[in-house]
Amino acid sequence: MKPESQVKETHYVDLEDIWVAYDHKWVLQSVYFSCGAGEIVGIVGPNGGGKSTLLKVILGLVRPDRGTVRLFGEKPGKRGLQEVGYLPQISQAERFFPVSALDVVLMGLYARIGFFRRPDQKDRETAMEVLNRVGMADHAGRPFGALSGGQQQRVHIARALAPHPRLLVLDEPATGVDSVAQEDFYRLLAELRDAEGLSVLMVSHDIGVITAHADRIACLNVEIHYHGEAQACMIPENIARVFGRDLKVMVHDSRCATCFRRHSHE
Ligand SMILES: Nc1ncnc2c1ncn2[C@@H]1O[C@H](COP(=O)(O)OP(=O)(O)OP(=O)(O)O)[C@@H](O)[C@H]1O
Ligand SMILES: [Mg+2]
């Protein structure tokens, strides 16, 4: 095991003792979190547990009341963010955005090309290249709203990948996507990690799916209850601590794919 100081040098993301409050209520309390180079880290936890807030802290969109944020070893700033592809939690309304799939991907390049310059041929080529990579090149000219949920998700991933980031930050990327498309998607992430050393930070509600595809997991419910190897997250005590007692946990295959749901009467 490397000394802590050496491990830290390879971290793309480092949070130390992060505290965030909204309306005088703590949403994050003393959160320590890290993501290394070439690592897929999953973040799981109940609704309102602070997952999206944690991602926004990493991206500098929410300023913590206390604590230190390091993105590529520095305070989150313009330079660091150009190397991050961010997929925000998608609302239903955005799914009906009246633009083409190609336009959605080009939006991912605005941080680089600026809002007021029209994308040129090279930007279009870059956008087509990433659409091709996610298997959506044939749909480039179609209205985004006319695509299926899984196709829209691929286009969103292409948008996040367009600036060739070192780190992908994905908030619930699997929402509304069937299990076959999800498997393709996780395979693509693993390919990018292995081929390009891409790091991925990914929020999900599906603890079973995420433990199968992430290298490490963080279980978050205001505090971090577990941050380590994916499989150990499945220990019932860990799950009970993070999700509380309002959960039903079922282990339904040998790979420890587990699903959970809230009791309907709560
Ligand atoms: N801008 C805001 N102003 C006030 N409260 C907020 C704001 N954003 C989030 N919250 C509150 O902070 C808590 C954490 O929200 P957050 O969106 O981080 O949770 P989450 O874990 O991503 O939840 P979900 O699984 O539902 O997406 C919630 O109670 C939420 O209502
Ligand atoms: Mg969220």
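The following legends accompany close-up views of a predicted model of a protein chain with a ligand.

**View 1. Overview of the protein chain.** The predicted model shows a protein chain of 266 residues, of which 36% count as buried. Ten helices and eleven strands are found in the chain. Among contacts between residues at least 6 apart in sequence, 64% join residues at least 24 apart.

**View 2. Confidence along the chain.** The mean pLDDT of the protein chain is 81, and 77% of the residues reach 70 or more. Over residues 248–266 the pLDDT is below 50, although this stretch has 31 contacts in the model beyond near neighbours in sequence. Where pLDDT is low, the predicted coordinates should not be read in detail.

**View 3. The open sheet formed by β2, β1 and β4.** Three strands make up an open sheet in the order β2-β1-β4, and their pairing is antiparallel. Strands β2 (25–36) and β4 (66–71) stand at the edges; each has a single partner strand, so one side of each is left without a neighbour in the sheet. On average, neighbouring strands of this sheet are turned by 15 degrees against each other, direction ignored. Strands of a sheet pair through backbone hydrogen bonds, either parallel or antiparallel.

**View 4. The pairing of β1 with β4, and helix α2 across the sheet.** Strand β1, which covers residues 11–22, is joined to β4 by five bridges, and the two run antiparallel. Within this pair, Leu15 has Val69 of β4 as its bridge partner. Helix α2, made up of residues 51–58, lies across β1, β2 and β4. The direction of α2 is at about 120 degrees to β1.

**View 5. The surroundings of ligand 1.** The residues around ligand 1 are Tyr22, Asp23, Val27, Gly45, Asn47, Gly48, Gly49, Gly50, Lys51, Ser52, Thr53 and Gln89. By class, this shell has eight polar, two nonpolar and two charged residues. Helix α2 gives the most to the shell, with three residues.

**View 6. The buried strand β6.** Five of the five residues of strand β6 (residues 167–171) are buried, so this strand is largely enclosed by the rest of the structure. Both faces of β6 are covered. Leu167, Val169 and Asp171 are buried on one side, and Leu168 and Leu170 are buried on the other.

**View 7. The parallel partners of β6.** Strand β5 (residues 84–87) is joined to β6 by four bridges, and the two run parallel. In this pair, Gly85 stands opposite Leu168 of β6. With strand β7 (residues 199–203), β6 pairs in the parallel sense over five bridges. Here Val169 has Leu201 of β7 as its bridge partner.

View 8. Asp206 is placed in the loop between β7 and helix α9 (207–213). A residue is counted as buried when 20 or more other C-beta atoms lie within 10 Å of its own. Asp206 has 20 other C-beta atoms within 10 Å and is therefore buried. Asp206 and Ile43 are 163 residues apart along the chain, and their C-alpha atoms are separated by 9.9 Å.

Notes:
Residues are numbered from 1 along each chain as its sequence is written. Chains are lettered from A and ligands numbered from 1 in the order in which they are written. This is a predicted model: local features need pLDDT of at least 70, side-chain atom pairs count only at pLDDT 80 or more; totals for chains, interfaces and linings use all residues. Two strands pair if DSSP finds at least two bridges between them. Axes are lines fitted to C-alpha atoms, for helices over the stretch in contact, and angles run from 0 to 180 degrees between N-to-C directions. Two residues are in contact if their C-beta atoms, placed from the backbone, lie within 7 Å. A residue is near a molecule or strand if its C-beta atom, placed from the backbone, lies within 6 Å of it. Ala, Val, Leu, Ile, Met, Phe, Trp, Tyr, Cys and Pro count as nonpolar, Asp, Glu, Lys and Arg as charged, and the others, Gly among them, as polar. pLDDT is the predictor's confidence in each residue, from 0 to 100. A residue is buried if 20 or more other C-beta atoms lie within 10 Å of its own, exposed if 12 or fewer, and partly exposed in between; C-beta atoms are placed from the backbone.
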